[in-house]
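Open your viewer and get ready to select residues by number. Each stop below tells you what to pick and what is there.

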Amino acid sequence: MAEVPELRRFTAARVALGRSGTGLPTQAALDFAEAHALARDAVHGALDVPALLAALPRAVAVRSAASDRAVYLRRPDLGRSLHPDDTTALTRSDPDLAFVVADGLCAAGVQAQAADLIGACAAHGLAGPVVIATQARVALGDEIGAALGARAVAVIIGERPGLSAPDSVGIYLTWQPCPGRTDAERNCISNIRPGGLSCAQAAAKLAWLCGQMRMIRATGIALKDEQPEPPPALPV
């Protein structure tokens, strides 16, 4: 059993923590409590929209129909609909791809990574209007994409925080967005964060998915992630 702690070199999961009687050692219990508090804070954190608008100067900001964070957490349905006062903020431009930057359940992760993700996507030729949405669920991108007349929408959103990852972001890609789309009609790129998938890797994956999407004119269960692995680096 002496070698079990070596597992902790390979994962941030809570394994091989040791034992004190029938419970955890004090330090492991304190670490768990801290991680739980960070995850709760992440859920209740607010997106700094002015800062994101400064980093993404051509973006526009909208809200969902959820009036505040408490309502957002209690009423997921309201997070999927655009606030009626913000419908005029979106101008139809019929883009090939639109981006929605949404706070979701982890505003801190979006705050830290959204601008870099958009920049990395641009490096792969993925460009389009950017909409910043607060109190937003993934499906809000369907209504936003439809209002813009977009052929596809990529929703960059804060994922549900975990005890080892309170800053994770996902990208949900949907072909021909419109209200009523289901999760079975989307592709998700998950675990975008330090220690997970980098912004560059996520953008490369999204670019590949977009290429396949345009060929088959669909996303979700019809679009399988069969991106070839990059060739191994040659020895120097």
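**Stop one: Asp96**

Select Asp96, which is partly exposed, with a relative accessible area of 30%. The model you are viewing is predicted. Asp96 sits in the loop between α3 (69–74) and β2. Now show what surrounds Asp96. Leaving out residues up to four places away in sequence, Asp96 touches Arg151, Ala152 and Arg214. Asp96 and Gln111 are 15 residues apart in sequence and 25 Å apart in space.

**Stop two: the largest nonpolar core**

Which residues have the most contacts inside the largest nonpolar core? Select Phe99, Ile171, Leu173 and Leu206. The core they belong to has 37 residues. Colour the elements that each supply at least two residues of this core: α2 (49–55), β2 (98–102), α4 (107–123), β3 (130–134), β4 (152–158), β5 (169–175), β6 (186–192) and α6 (199–216). The largest share comes from α6, with 9 residues.

Zoom in on Ile171. Not counting residues up to four places away in sequence, its contacts include Leu117, Ala154, Ile156, Cys188, Ile189 and Leu206. Asn187 is also one of the residues that Ile171 touches.

There is a second, separate core of 17 residues. Select Leu90, Val100, Ala150 and Val153, which are among its members. In soluble globular proteins, nonpolar side chains tend to be buried together.

**Stop three: along and beyond α4**

Select Gln113 in helix α4. Is Gln113 buried or exposed? Gln113 is buried, because its relative accessible area is 8%, under the 20% cut-off. Show its contacts, leaving aside neighbours within four places in sequence. They are Asp167, Val169, Ile192, Arg193, Pro194 and Cys199.

Move on to Gly125, in the loop between α4 and β3. Gly125 counts as exposed, because its relative accessibility is 60% and the cut-off is over 50%. Gly125 and Ala203 are 78 residues apart in sequence, yet 9.9 Å apart in space, C-alpha to C-alpha.

**Stop four: the cysteines**

Select the cysteines and look at their sulfur atoms. How many disulfides are there? The count is 0. Start with Cys121. Its sulfur is 7.9 Å from the closest cysteine sulfur, in Cys210, so the two are too far apart for a bond. A disulfide needs the sulfur atoms within 2.5 Å. Cys121 counts as buried, at 0% relative accessibility.

Then pick Cys178, which is in no disulfide. The nearest cysteine sulfur to it, that of Cys210, is 18 Å away. Cys178 is partly exposed, with a relative accessible area of 30%.

**Stop five: the pockets**

Rolling a probe the size of a water molecule over the atoms shows where empty space is left.

Which residues lie nearest the centre of the largest pocket? Select Arg137, Val138, Ile157, Tyr172 and Asp183. In total, 17 residues line this pocket. They divide into 7 nonpolar, 3 polar and 7 charged. The largest pocket holds about 380 Å³ of space.

For the second largest pocket, select its lining: Leu197, Gln201, Ala204, Lys205, Gln227, Pro228, Glu229 and Pro230. This lining divides into 4 nonpolar, 2 polar and 2 charged residues. The space in the second largest pocket is about 220 Å³.

Note on methods. Residues are numbered from 1 along each chain as its sequence is written. This is a predicted model: local features need pLDDT of at least 70, side-chain atom pairs count only at pLDDT 80 or more; totals for chains, interfaces and linings use all residues. Side-chain values use heavy atoms; hydrogens and water are left out. A nonpolar core is a set of buried Ala, Val, Leu, Ile, Met, Phe, Trp, Tyr and Cys residues joined through side-chain atoms within 4.5 Å. Buried means under 20% relative accessible area, exposed over 50%, partly exposed in between (1.4 Å probe, protein chains only). Helices (H or I, at least four residues) and strands (E, at least two) are DSSP runs, numbered from the N terminus. Contact means heavy atoms within 4.5 Å. On a 1 Å grid over the protein atoms alone, a cavity is a set of points where a 1.4 Å probe fits but cannot get out, and a pocket is an open set with protein on both sides within 12 Å along at least five of seven lines; lining residues have an atom within 4 Å of a point. Grid points are joined across faces, edges and corners, and a volume is the space filled by probe spheres set on the points. Ala, Val, Leu, Ile, Met, Phe, Trp, Tyr, Cys and Pro count as nonpolar, Asp, Glu, Lys and Arg as charged, and the others, Gly among them, as polar.
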